[in-house]
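Have a go at each task before you read its solution.

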Amino acid sequence: MQQLMRTVADADDEQLPSDARVACQAIIAQLQAVQMQITGLEKRIHQAHRANPASKRLDAIPGFGVIVSTAVVATMTNPKAFKRGREFAAWIGLVPRQNSTGGKERLGSISKQGDRYLRRLLIVGALAVIKSARTRPDKYPWVMKLLGRRPAKVVAVALANKMARMAWAILAKGETYRAPMHKNSGVIAARA
């Protein structure tokens, strides 16, 4: 893109016909305007994050950042509406489907019902934790143990479920994130 912008800006460059240069200039102007709008929106999101204590508390959770924290706070306006963290995770669509009969419990894939945007953000945050766990396995033993048994995407969904439960616990109880103290405790310190 940068090379195209330089080529379009250089009037002496004969690689582009004049009509194509004019068309590209219009496209580049639109892209620059969109980039300015994105920058403005990012600033507003960061300001909202800094002004909201609940969002700042969520930011301490591994896998959460400014975007995920502000999205969870904006989406879950009343954490007390959910009795437990599992209800919040189910509301997002991060719990497995249950196909149980005759007392035999069979869990399937996640339901994918609920808030797609928030579910996607939590899974992307979980993938970031998995990437970090692969470089520092001593910091995330629970994740590494699960990665030994399951594919990375399945682990990401399980971790996203835990992250959603933690977010609910922190917001519903007004607590702050506490990193695990002992070696085999895993990523989650707050109980949901």
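This is a predicted model: local features need pLDDT of at least 70, side-chain atom pairs count only at pLDDT 80 or more; totals for chains, interfaces and linings use all residues.

**Exercise 1.** Find how many aromatic pairs a search of the whole structure gives, and work through the cluster formed by Phe82, Phe88 and Trp91.

*Solution.* The search turns up three aromatic pairs. Rings of Phe, Tyr and Trp (its six-membered ring) pair if their centres lie within 6.5 Å; planes under 30 degrees apart count as stacked, over 60 as edge-to-face and the rest as tilted.

Step 1: take phenylalanine 82 with phenylalanine 88, an edge-to-face pair at 5.4 Å centre to centre, with 65° between the planes.

Residues are numbered from 1 along each chain as its sequence is written, and side-chain values use heavy atoms, with hydrogens and water left out.

**Exercise 2.** Is phenylalanine 82 buried or exposed?

*Solution.* Buried means under 20% relative accessible area, exposed over 50%, partly exposed in between (1.4 Å probe, protein chains only). Phenylalanine 82 has 12%, so it's buried. Tryptophan 91, at 38%, is partly exposed.

**Exercise 3.** Which residues is serine 69 in contact with, leaving aside its neighbours within four places in sequence?

*Solution.* Contact means heavy atoms within 4.5 Å. Serine 69 touches His49, Ser55, Leu58, Asp59 and Phe64, with those sequence neighbours left aside. Serine 69 is also buried, at 0% relative accessible area.
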